[in-house]
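Have a look at the model first.

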Amino acid sequence: MESNSDPVYSRNVIEFVAAANEFCKYAEHASEVKGDEMLRIMQRLLPFLYIKASLLPSLDSFFEEGNEKFVTEPEWFKIHDTMREKFGTADEFPEVFDERINDVEGPVISSLAENLADIYQDLKDFLLLYQTGTTEVMNDAVWECKMNFENSWGQKLTNSLRAIHKFIYSGEEIGKIENDKKDDKNADRSDWFISRRQKEFRGDSGE
């Protein structure tokens, strides 16, 4: 078929789709997996996902308007909150490769759950667009996903992998975050653990 010569049907794209599907599957079923097991799954899956994303073809977009988004804020929070609970004391880590580092004093604290929920958001939106089967929509899904990989979630992936590696080989065990659920109920979640990309997703116009 002529369409099979289109870059959106190339081997590199198909293999990335498979890797993205695998990541989203584990993210959506995180409640069924123990925290230490999830860390080891991500230890193996994230490098594979990074390699496949780096091989995506460079395309031009067809449409001037942005791609449709599917992942809702409640869905983002469901992924985030489940992973945060599973990761416990392994969730937070000091980060030097963070754009906020020049705006605060002391180390910037990042979160595995936040990073992985952001990655999930981009990948799930990509997959749902790609699955439409419309070549132009698939093209723009690949184009946007590659752009987001280069500018956003690729860095979050590598940051998370470094933290996961350190925790796994530290010999530490995951501990429960004290009073985490109690604090959740009373917290103002408008700014609690919401990343810059999540604020953009909501359309916030703050600084």
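Q43 is buried, with a relative accessible area of 16% (buried means under 20%, exposed over 50% and partly exposed in between, using a 1.4 Å probe and protein chains only). Q43 sits in helix 2. This is a predicted model, where local features need pLDDT of at least 70 and side-chain atom pairs count only at pLDDT 80 or more, while totals for chains, interfaces and linings use all residues. Residues are numbered from 1 along each chain as its sequence is written, and side-chain values use heavy atoms, with hydrogens and water left out.

**Around Q43**
- Setting aside neighbours within four places in sequence, Q43 is in contact with L161, I164, I168 and Y169 (contact means heavy atoms within 4.5 Å).

**Helix 1 against helix 2**
- The axes of helix 1 (residues 11-28) and helix 2 (residues 35-54) come within 9 Å and cross at roughly 155°; axes are lines fitted to C-alpha atoms over the stretch in contact, with angles from 0 to 180 degrees between N-to-C directions.
- That makes helix 1 roughly antiparallel to helix 2 (under 35 degrees counts as roughly parallel, over 145 as roughly antiparallel, 65 to 115 as roughly perpendicular, and the rest as oblique).
- On the helix 1 side, the contact is made by E15, F16, A19, A20, E22, F23 and Y26; helix 2 brings M38, I41, M42, L45, L46, F48, L49, K52 and A53.
- By class, this contact has 13 nonpolar, no polar and 3 charged residues (Ala, Val, Leu, Ile, Met, Phe, Trp, Tyr, Cys and Pro count as nonpolar, Asp, Glu, Lys and Arg as charged, and the others, Gly among them, as polar).

**Helix 2 against helix 3**
- Helix 2 also packs with helix 3 (residues 73-87), at an angle of about 110° and with the axes 8 Å apart.
- Helix 2 and helix 3 are therefore roughly perpendicular to each other.
- G35, M38, L39 and M42 of helix 2 meet M83, K86 and F87 of helix 3.
- The class tally for helix 2 with helix 3 is 5 nonpolar, 1 polar and 1 charged residues.

**The whole chain**
- The protein chain has 7 helices and 2 strands (DSSP runs numbered from the N terminus: H or I of at least four residues for helices, E of at least two for strands).
- From the N terminus on, the order is α-α-α-β-β-α-α-α-α.
- Buried residues make up 43% of the 207 residues.
- Of the contacts with a separation of 6 or more, 79% link residues 24 or more positions apart.
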